[in-house]
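Let's walk through this model together, one piece at a time.

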2 protein chains.
Amino acid sequence: MVRVAVDMMGGDLGVDSNVAGIRRFCLDNRPTDISFDLFGNIAPIEAAISKLGDFPSDLCTLHDTGDRTISSEERPSIAIKKGGGTSMFEAISHVALDRADVVVSSGNTGAFMALAKIIIGMISDISRPALVSIIPNIRGRSVMLDLGANTDCSATQLAQFAAMGSAAAKILLDIESPSVALLNIGTERSKGTDTLDEAYKILENNGNINFVGFIEGTDISKGTSDVIVTDGFSGNISLKTMEGTIRYLLHLAKEEIDKSLICKLGCFLCRGMMISIRNSLDPSRHNGAPLLGLRKVAIKSHGGADAFGLANAISAAVTFAKSNFIPSMTEVLASLKTAV
Amino acid sequence: MVRVAVDMMGGDLGVDSNVAGIRRFCLDNRPTDISFDLFGNIAPIEAAISKLGDFPSDLCTLHDTGDRTISSEERPSIAIKKGGGTSMFEAISHVALDRADVVVSSGNTGAFMALAKIIIGMISDISRPALVSIIPNIRGRSVMLDLGANTDCSATQLAQFAAMGSAAAKILLDIESPSVALLNIGTERSKGTDTLDEAYKILENNGNINFVGFIEGTDISKGTSDVIVTDGFSGNISLKTMEGTIRYLLHLAKEEIDKSLICKLGCFLCRGMMISIRNSLDPSRHNGAPLLGLRKVAIKSHGGADAFGLANAISAAVTFAKSNFIPSMTEVLASLKTAV
């Protein structure tokens, strides 16, 4: 049995979209071994449920947190001070109290990270959680972190991210000794900030991490390394630049197709390719990034996630909860302990 | 007459590629009003020239700097101390001494920025040069800076970049009052670093800059603002992520095409579209980014630029030199003076 706690007030599209996301997950997966604890303002949640004919109410327990929510504008420090009783706080607490196995939220990333860190707590030797994602590339897939949980990172934190990324790549991508690189503005040893220089020194002196040096932005899609380590500011900008560039290219293609009938026919013939590419790169399809370093699984869903996106984040949450990820991660991290 | 000084030792592909780049520019443009001053190790330059039958030697003056070069590994501080007599140093000095109108180099970006700042000098009220590029997007084009000249930027420097970007968009994109945004990990006022918060305060209090707030990575390709301001670290990673993503998508398309004959036929019919998209996004075609803020035009060509890339960087250099860019820029900046 996997018990999923969901922050129903998080995300740009609000309660209706989150309710539709849970319904969609259940319609697609017909789960028999999953239950949901839904945290939020019970009136709009019930209104949204009543609008949908086939909501899986039998699998769900509602927890009323009234109109107490953490807005996307809230600073993490304020969320910590005043977040008690909000849907996000209570959903996280449910997991911390072992009443659920995993928590999912599309809400404020900084607040989610700060609250999860304090309420759930960290794996020993890791000081801050990092948001991780699996990025497709020419050679296969890489693990990239941090993608937005920490805007400023010290060299030690980057080295901890390297250890966590290495453990995650070992478990998620089944790579025995994943290559780990620091994202920089050039591959030369002299390039970049003092923090990166210091992180380089820590990592090159660690025999347990397969550190391969600096990579640059073009290397992300080349698959130069199995793990890409960066601070949450650059990581977030890089990931969102990727998303934007993909949308831009699809837009360019559509514009060109509209110009010519022959091109339209050509595109009809290769529509299978276009659908396959669009699907393989659709951020909604890959929604649901775990916050690495916590004692439990906490899944950050994209702020703009629609019902399909949230359904995929729940799917990711269930996969992590079932896969024994946290004990495996803790074990691998212990073997890399000298790294951090 | 436009006089172009070229650092012949810069770039990953070396002298042969740079010689071929100048030849290519001249074959494509048949210039009658351009002369070149080439700085570098004269023996390999002459050897490369002699290999090419139709090198425009009549337009070129060679300046021997022996084997003194600045490597891509060199830190900017060392380049300043020990760079005298190198091809990059001498090419920049030629412009500073008004013996050339513009300098082009594919060499070490940090060193080029540091040397140009000291040797050529800055427009008043601007403390550091920024590397700028014109980025295509769904709505048209935007000006983005800094793309790698400054890894760490203060709030004041970001505000100066905003003023320079605004001036550049006015001149290059012909926009009367360009909208200016700061690149961040979210659009909410509370998001990001303390430096961004401070830069926001400076810009929102300036009536001369059309400041529209924070944007995120996905907004770059949406064309949410005419000017995108960021530090050189994130800017460089974002730009190179874009390049990598484009290459990855073309790779995916090729892979899918190879799988099916019908798809091959379809792609043959829409090859015009594919070529048009590939060309419009080819980084070589857009090579040659000016360092904004200097008293003269200095053009940074991509380190990996081939002959075609260098020819395009020279083309950009000539356009800037002919367009009265520096006086226009100085004038617009003076009108925004209260900003910086």
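Two residues count as being in contact when their C-beta atoms, placed from the backbone, lie within 7 Å. Helices (H or I, at least four residues) and strands (E, at least two) are DSSP runs, numbered from the N terminus. Residues are numbered from 1 along each chain as its sequence is written, while chains are lettered from A and ligands numbered from 1 in the order in which they are written. This is a predicted model, where local features need pLDDT of at least 70, side-chain atom pairs count only at pLDDT 80 or more, and totals for chains, interfaces and linings use all residues.

How far can you trust it? pLDDT is the predictor's confidence in each residue, from 0 to 100. Chain A has a mean pLDDT of 91, with 99% of its residues at 70 or more. For the complex, the predictor gives an ipTM of 0.89 and a pTM of 0.90.

Start with helix 2 of chain A, residues 42-51. Its buried residues (20 or more other C-beta atoms within 10 Å of their own; exposed means 12 or fewer, partly exposed is in between) are A:Ile45, A:Ala48 and A:Ile49. Looking down the axis of helix 2 of chain A, the buried residues fall within an arc of 100° (taken from the directions from the helix axis to the C-beta atoms), so they line one face of the helix. They pack against helix 1 (14-29), strand 2 (34-40) and strand 3 (60-64) of chain A. On the other side of helix 2 of chain A, you'll find A:Ala43, A:Ser50 and A:Lys51 exposed.

Now zoom out to the domains, whose bounds come from an automatic or database domain assignment. Chain A splits into domain 1 (1-126 + 293-324) and domain 2 (132-284). Their C-alpha centres lie 26 Å apart, and 10 residues of domain 1 of chain A are in contact with six residues of domain 2 of chain A. Helix 12 (307-322) of chain A and helix 5 (109-120) of chain A each give two or more residues to the domain 1 side; helix 12 of chain A makes the largest share, three residues.

What about the two chains? Here 55 residues of chain B are in contact with 56 residues of chain A. On the chain B side, helix 8 (217-222), helix 9 (232-259), helix 10 (261-269) and helix 11 (271-281) of chain B each supply at least two residues. The largest share, 21 residues, comes from helix 9 of chain B.
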